[in-house]
Amino acid sequence: MGALRRGIRDRRTTSEDVQAWLGVLDSYDFVTVNLNPMAGSAVWLIAETLNLSAYNAGYIAVAKAKGLPLWTLDKAVTNKAPRLAVKVLP
């Protein structure tokens, strides 16, 4: 949603297009991953180890736990995720 909000703010897309994309996302059967942001959790340890926000560390933690690559333009994640053997797609 952050990327979609940024797209509207930067005038790269419209509210109508975003609503269409959100409809597509609603059609997927997402599986949630339980990551508790407490001391000793993967999110906390990654945030501490890589000096990242807990928000960004959460993405890396999920990708690492599921063995999935990340698709992001976030420079902090792009630069630091590979340190934990998490592949970042261009």
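Reply: Gladly; here are some questions and answers on this predicted model.

Me: Why is F30 called exposed?
Reply: The relative accessible area of F30 is 58%. Exposed means over 50%, so F30 counts as exposed.

Me: What makes the nonpolar surface patch, and how big is its area?
Reply: The patch is made by W21, V24, L25, Y28 and F30, and covers about 550 Å². Patch residues need over 30% relative accessible area; F30, with 58%, passes that cut-off.

Me: How do you know what share of the protein is buried?
Reply: Buried means under 20% relative accessible area. By that cut-off, 23% of the 90 residues of the protein count as buried.

Me: Which elements does the protein have, and in what order do they run?
Reply: There are five helices and two strands. Starting at the N terminus, the order is α-α-α-α-β-α-β.

Me: How many contacts join residues at least 24 apart?
Reply: Taking contacts between residues at least 6 apart in sequence, 19% join residues at least 24 apart.

Me: What about the charges, and how far apart do the centres of the two sets lie?
Reply: The protein carries 11 positive and 7 negative side chains, with the centres of the two sets 10 Å apart. For scale, the C-alpha trace spans about 40 × 25 × 20 Å along its principal axes.

Definitions and conventions. Residues are numbered from 1 along each chain as its sequence is written. This is a predicted model: local features need pLDDT of at least 70, side-chain atom pairs count only at pLDDT 80 or more; totals for chains, interfaces and linings use all residues. Side-chain values use heavy atoms; hydrogens and water are left out. Helices (H or I, at least four residues) and strands (E, at least two) are DSSP runs, numbered from the N terminus. Buried means under 20% relative accessible area, exposed over 50%, partly exposed in between (1.4 Å probe, protein chains only). Contact means heavy atoms within 4.5 Å. Lys and Arg count as positive and Asp and Glu as negative; His and the chain ends are not counted. The place of a charge is taken as NZ of Lys, CZ of Arg, CG of Asp or CD of Glu. Patches are made of residues with over 30% relative accessible area and no salt bridge: like charges are joined within 9 Å, nonpolar side chains (Val, Leu, Ile, Met, Phe, Trp, Tyr) within 5 Å. Accessible areas come from the Shrake-Rupley method with a 1.4 Å probe; for residues, only the protein chains shown count as cover. A salt bridge is a side-chain nitrogen of Lys or Arg within 4 Å of a carboxyl oxygen of Asp or Glu.
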